Amino acid sequence: MSKSLAFGKTALRALVATVTGLLVLTGCAQIPMTSAVKQGPDIQSGLSNDYLYYSPAGPVNGEAQADVLAGFLNASTGPQNDYGVAREYLAPDFKAKWSPNDKVYIQSGSLHTAFGANGEATVTFQVSATVDAQGHYNSRVNGSTQVLSFKLASVDGQWRIIDAPNAVVMIRPVFEVIFHSYNLYFFDKANRYLIPDLRWFPARASTATRLAAAILAGPSKWLEPAVSQTMPTGTKLALDAVTVSNKSAVVNVSAQAVQASATQKQQFKAQLQATLSQLAGVTNVDLQIASATQKIPEYSAASTTSGAYAPVVLESNQLQQLVGPSGSRLANANAWISSLKATDFAVTSDQTGVALMNGAGVYAARLDQAGSAPVLVDSRKNLLTPRFDRRGQLWILNSEGQVQVRTSSGKSTWLNIGWLKGHTVEAFTVSPEGARLGLIVADAKGKLRVLITSIIRDAHGNVMGFGVPVELQRVVGTPKDLEWSGLTDLMVLSEVSTDQSNLTLLSVGGEPIEIGSVDHSYDLMSSDDGSNIYVLDSRRRLLQYHGYTWSLLDQDVVAAHMAN
């Protein structure tokens, strides 16, 4: 069977970006108030020229208070020259004080303006999401209302704004044009893998500066327990500008960085390299400390790519790679599958380790060692489908949230996820670098939620605990299964009706994208980059997603999973 490339997120996002761009460039009479937001880092389209933005008009002499306030709100969607046009609406002594990068409100619906005495005014609107100064995207509950207060005064005979929130307001189509998503990269505690932290910033000439400053400010709170900070506390940009010349970004940090070890400087440069190379025209990073150029060797992070683009299937008491050359090691498990009557499995990406599951529990075995035999490693009740991480560690969870993590050498660590007390785990997935855990969890009332938490490891990569959970919202239907699909996205399979399921792409730090529907299914698979998506439906058919259609790949499949 030949390899079949699915219609992936890249094409979907390109379509969204193209449509949005056309709406703006053609100057249509009415801009739509809702639109699907682009997810994940768009590494090819980072803008570097401010003139590509909408160019608002400045104030006109004799304008009334209402016109000045409306003009200011309109101009604040143009970030060029540090929101230079918007600042023309401000009183001279307030221009430098206004900090528009502190927060972005993504507006839904219309603005309602009210004026009171002494030049006071309020603007009320519904808000769907916000972005803070560090680029964190936070969805709001549907129907959330925001009230912003302003004050105007007469300055040299003209109405000007003398007080305003440190924020800008824009509708989603404008946000999609101005803002892009970027991954900040941080090393795990073992300094082996780079872990992405999705943020949103205006795509403009100053984006490199904001990305570098955000790395120094640190990771998102929920991710912080899983990552290490390579620079000493207090390290900042020595100059508030990252310059780009001849495809090289020059990052100048403060003198505190001198205290970092040679290895830490290497790792910090690797963080910058991975982060800033998402910008068009940046392929290299030159690091300076207090303006002194540093000669720092390259530091290579371990790859998180499994290389798998199609599932391994369990059928007719055999494991086989569905598409591509069959690995001879998979055949080593066939006798065990038959004797154990295995109904589920997990396999490492290098096909050295396998886990088999039956009614008695989970068995572990080596596929690369002659004479190896499966060993029962977990006989608890209510076990979920086991999974491997890229370190070759076997993850086994039960529905109560009790965790066993077993290394390839056979050492087991048993842990409880404390905040899961009183909840039931329905499904879980470990991110490619093993620093994030995605879960579908039911509370005491049976309400299902999709959560993500950090995985805390020591310097040797051993799992020590878990961070606080973050909920990912707005899944259509009842979530049943989930899988990492790309660096910062979780694909969720949910039940819509007795004969239909739905696929939703949830971004850890962005808005969801509805992928499409499929016949009632219960198991989900995705390649590393999310370009190949598969489901196992209730009739045990393995289906692959092609754009807006599904194609049949196999039948009578007992279980199917990506090698991980």
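Residues are numbered from 1 along each chain as its sequence is written, and side-chain values use heavy atoms, without hydrogens or water. Because the model is predicted, local features need pLDDT of at least 70 and side-chain atom pairs count only at pLDDT 80 or more, while totals for chains, interfaces and linings use all residues.

The largest nonpolar core holds 45 residues. Such a core is a set of buried Ala, Val, Leu, Ile, Met, Phe, Trp, Tyr and Cys residues joined through side-chain atoms within 4.5 Å. Buried means under 20% relative accessible area, exposed over 50%, and partly exposed in between (1.4 Å probe, protein chains only). V251, V253, F268, L272, L276 and V450 touch the most other members. Helix α6 (residues 207-217) gives the most to this core, with 6 residues. Helices (H or I, at least four residues) and strands (E, at least two) are DSSP runs numbered from the N terminus. A second, separate core has 36 residues, including L90, W98, V127 and V131.

V251 has contacts (heavy atoms within 4.5 Å) beyond its neighbours within four places in sequence. The partners are A212, L237, V242, L272, L276, V285, D286, L287 and Q288.

Two strands pair if DSSP finds at least two bridges between them. Strands β11 (residues 248-253) and β12 (residues 284-289) run parallel and are joined by 6 bridges. V250 stands opposite D286 in β12.

Strands β4 (residues 145-155) and β5 (residues 158-163) pair in the antiparallel sense over 5 bridges. V155 has Q158 in β5 as its bridge partner. The hairpin has 2 residues between the strands, and D156 takes a positive phi near 55°.

H561 lies in strand β37 (residues 559-561). H561 is buried, at 12% relative accessible area. Its side chain makes a polar contact of 2.6 Å with that of D344. A polar contact is a pair of N or O atoms within 3.5 Å; within protein, one must be able to donate a hydrogen and the other to accept it, and residues adjacent in sequence count only if both atoms are side-chain atoms. Not counting residues up to four places away in sequence, H561 touches P311, V312, D344, F345, T385, D523 and M525.
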